[in-house]
Structures are given as C-alpha cells and as structure tokens.
Amino acid sequence: MSDEKMSAEKMSDEKLVGIVLVSHSAQVAASVAELAKALAGGATAVPVAPAGGTEGGELGTSAELIAAAAASVDRGAGVAVLTDLGSAVLTVKALLAEGDELPAQSRLVDCPFVEGAVAAVVTAATGADLDAVAAAASEAYSYRKV
C-alpha cells in the first residue's frame, strides 16, 4: 500500500474538526467550500459543508440548513461555523443560544469568509483541535494583500 493511501486512511480514522460555511447565497457557500478544499491540497478527509441561501433557493439564511450542515460534518472534534454577513451571524448566534440545535462544541468563528475558510480547512487537515482551527481562521484578518 502506498504511503499516500495509508496517510489518507489514517486521516479518515481521526476525529477532525468539521467546518460549516454559512452564506446568504448557496452558490457562494458551495464555491468557497470547493475553493478551500482545493487550496488545502484536496483535503478530502476534512468534513466541510456549505449552508447557503434558503430552503427555497432564495438569498438569505436558514437555521434549518445550518443545523443540518453542522450535523453532517460533526465527527466529535467540534464544528467551526464561518459566516459571510450580519444576519448569518445572527442566525448562528440564535442556534448556539438554543443549546441543542447545533452539535456540542460548535463555535461561531469571527474571520474573513474566504481566507478564513481556507485557513480553517488547511489547519483542520493537520488534525488540529477546534481552538487551533478557529485561531487560524481568525488570524486570516491579518493577511495583507498589498
């Protein structure tokens, strides 16, 4: 068996932090998830789920879609929830306040949406814990472009 295949199997046995990307647009959430995984070297073992738009396909946020996405990525190591804009933040905060809507150890992470998603996926792929994943995503605020 190749080292690469053994490494992939080992990662699938580990408890990795799950990542939920909440956007007002289903297309934006899905595209950022795809970009983050691709830039993280294909990080296929990292559970990432987009939660964008409403159930009817409109722009907006949906508590139900967010809760379902969080449940789908929960592997027991925590769930980092990243958001794009204001009402997405409010929706996640309301779900966290309910106490039982999101998996245990779910955390809203204050970070830039795209850069934070890439940093979170790259860090989660190393097997880092939720604190480290959240810190890496938040540190993306310091990335300079010029």
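**Entry 1: E115**

I located E115 in helix α5 (residues 113–125); helices (H or I, at least four residues) and strands (E, at least two) are DSSP runs, numbered from the N terminus. I worked on a predicted model, in which local features need pLDDT of at least 70, side-chain atom pairs count only at pLDDT 80 or more, and totals for chains, interfaces and linings use all residues. Residues are numbered from 1 along each chain as its sequence is written, and side-chain values use heavy atoms, with hydrogens and water left out.

I asked why E115 counts as partly exposed. E115 is placed in that class because its relative accessibility is 22%; buried means under 20% relative accessible area, exposed over 50%, and partly exposed in between (1.4 Å probe, protein chains only). Leaving aside residues up to four places away in sequence, I found E115 touching A140, Y143 and K145, where contact means heavy atoms within 4.5 Å. I also noted 8.1 Å between the C-alpha atoms of E115 and Y141, which are 26 residues apart along the chain.

**Entry 2: the chain as a whole**

I recorded six helices and four strands. Along the sequence they follow the pattern α-β-α-β-α-β-α-β-α-α. Of the 146 residues in the chain, 44% are buried. Among contacts with a separation of 6 or more, 75% come from residues 24 or more positions apart.

**Entry 3: the sheet**

I read the strand order of the open four-stranded sheet as β2-β1-β3-β4, with parallel pairing; two strands pair if DSSP finds at least two bridges between them. β2 (48–52) and β4 stand at the edges with a single partner strand each, so one side of each has no neighbour in the sheet. On average, neighbouring strands are turned by 25° against each other, direction ignored; axes are lines fitted to C-alpha atoms, for helices over the stretch in contact, and angles run from 0 to 180 degrees between N-to-C directions.

**Entry 4: strand β3**

I next examined β3 (residues 79–83), where five of five residues are buried. V79, V81 and T83 point one way, A80 and L82 the other way.

Strand β1 (residues 18–23) runs parallel to β3 and is joined to it by five bridges; here V22 stands opposite T83. With strand β4 (residues 106–109), β3 pairs in the parallel sense over four bridges. In β4, R107 is the bridge partner of A80, and L108 stands opposite V81.

I then followed the chain from β3 through helix α4 (residues 86–98) to β4 and noted a right-handed β-α-β crossover. A crossover is right-handed if, with the strands pointing away from the viewer, the path from the first strand over the helix to the second runs clockwise.

**Entry 5: helix packing**

At what angle do the axes of helix α3 (residues 63–73) and α4 cross? I recorded roughly 65°, with the axes coming within 10 Å. The crossing of α3 and α4 is right-handed; the term applies if the near helix is turned clockwise from the far one by less than a right angle, and left-handed if anticlockwise. A63, I66 and A67 of α3 meet T91, V92 and L95 of α4. I sorted these contact residues into five nonpolar, one polar and no charged; Ala, Val, Leu, Ile, Met, Phe, Trp, Tyr, Cys and Pro count as nonpolar, Asp, Glu, Lys and Arg as charged, and the others, Gly among them, as polar.

Finally, I noted helix α6 (residues 130–139) lying across β3 and β4, at about 15° to β4.
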